[in-house]
Amino acid sequence: MKAKILYIEDNEQNFYLVQFILTAKGHQVSWARDGQSGVEMAGRERFHLILLDIQLPVRNGYLVAQELRRNPALASIPIVALTSYAMAGDREKALAAGCSGYIEKPINPATFAEQIERFLAKTQEGSPQP
Ligand code: MN
């Protein structure tokens with residue numbers, strides 16, 4: 001499945017790495033550099049999946065996840081948090097904020113696409129696609 005993915009990330013290098021990996025698999029990756037524009041883009045365009053950095057300026061990823069989940073149209077979209085390996089409490093907080101799951105940073109380029117495809121496969125089972 002070729003997916004439309006939104007990546008909310010303030011770090012350019014992180015974005016380009018993820019984009020490189022996922023476009024090589026045929027996916028399309030859009031970039032929002034902060035939470036505000038991420039929420040706006042998610043409300044405007046239909047995405048199959050949202051990747052969410054937790055350490056974002058102004059509004060952290062937890063607040064962004066909560067805001068995304070307040071939009072009923074986005075209720076069934078998987079939101080995958082990118083949490084830092086060192087921050088043990090991040091994962092629980094990400095799930096509590098409405099994220100569907102998490103992937104630890106730094107990402108592993110060898111397995112990242114597969115991890116994303118697992119999340120995509122889960123949503124394909126039930127909910128309507130964009
Ligand atoms: Mn960041």
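This is a predicted model: local features need pLDDT of at least 70, side-chain atom pairs count only at pLDDT 80 or more; totals for chains, interfaces and linings use all residues.
Let's start at Asp53, which sits in strand β3.

**Around Asp53**

- Asp53 is buried, because its relative accessibility of 3% falls under the 20% limit.
- Setting aside neighbours within four places in sequence, Asp53 is in contact with Ile8, Glu9, Asp10, Gly61, Leu82 and Lys105.
- A polar atom of the Asp53 side chain lies 3.4 Å from the backbone nitrogen of Gln55.

- Distant parts of the chain are linked here, as Asp10 belongs to the loop between β1 (4-8) and α1 (12-23), while Gln55 belongs to the loop between β3 (49-53) and α3 (61-70), 45 residues apart.
- Asp10 is partly exposed at 36% relative accessible area, and Gln55 is partly exposed at 48%.

**Salt bridges**

- The count of salt bridges comes to six.
- Lys105 pairs with Glu9, with their closest N and O atoms 2.9 Å apart.
- Lys105 is in strand β5 (residues 101-105) and Glu9 is in the loop between β1 and α1, so this pair ties together parts that are 96 residues apart in sequence.
- Both partners are buried: Lys105 has a relative accessibility of 17%, and Glu9 has a relative accessible area of 0%.
- Glu45 and Lys4 form another salt bridge, at 3.1 Å from N to O.
- With Glu45 in the loop between α2 and β3 and Lys4 in strand β1, the pair ties together parts that are 41 residues apart in sequence.
- Glu45 is partly exposed at 29%, as is Lys4 at 24%.
- Glu114 and Arg118 also meet in a salt bridge, their closest N and O atoms being 3.1 Å apart.
- Both Glu114 and Arg118 lie in helix α5 (residues 112-126), four residues apart, or about one turn of the helix.
- Glu114 is partly exposed, with a relative accessible area of 48%.

**Helix α2**

- Gly35, Gly38, Met41 and Ala42 are the buried residues of helix α2 (residues 35-44).
- Viewed down the axis of α2, its buried residues fall within an arc of 125°, so they line one face of the helix.
- Those buried residues pack against β1, β2 (28-32), β3 and α3.
- The N-terminal end of α2 is capped by Asp34, which has a side-chain oxygen 3.1 Å from the backbone nitrogen of Gln36.

**Nonpolar cores**

- The largest nonpolar core holds 21 residues, of which Leu6, Ile8, Ile50, Leu52, Leu68 and Cys99 touch the most other members.
- Two or more residues of this core come from each of β1, α2, β3, α3 and β4 (79-84), and α3 gives the largest share, four residues.
- Beyond four places in sequence, Ile8 touches residues including Ala32, Asp34, Gly35, Gly38, Asp53 and Leu68.

Note on methods. Residues are numbered from 1 along each chain as its sequence is written. Side-chain values use heavy atoms; hydrogens and water are left out. Buried means under 20% relative accessible area, exposed over 50%, partly exposed in between (1.4 Å probe, protein chains only). The arc is that of the directions from the helix axis to the C-beta atoms. Contact means heavy atoms within 4.5 Å. A polar contact is a pair of N or O atoms within 3.5 Å; within protein, one must be able to donate a hydrogen and the other to accept it, and residues adjacent in sequence count only if both atoms are side-chain atoms. A nonpolar core is a set of buried Ala, Val, Leu, Ile, Met, Phe, Trp, Tyr and Cys residues joined through side-chain atoms within 4.5 Å. A salt bridge is a side-chain nitrogen of Lys or Arg within 4 Å of a carboxyl oxygen of Asp or Glu.
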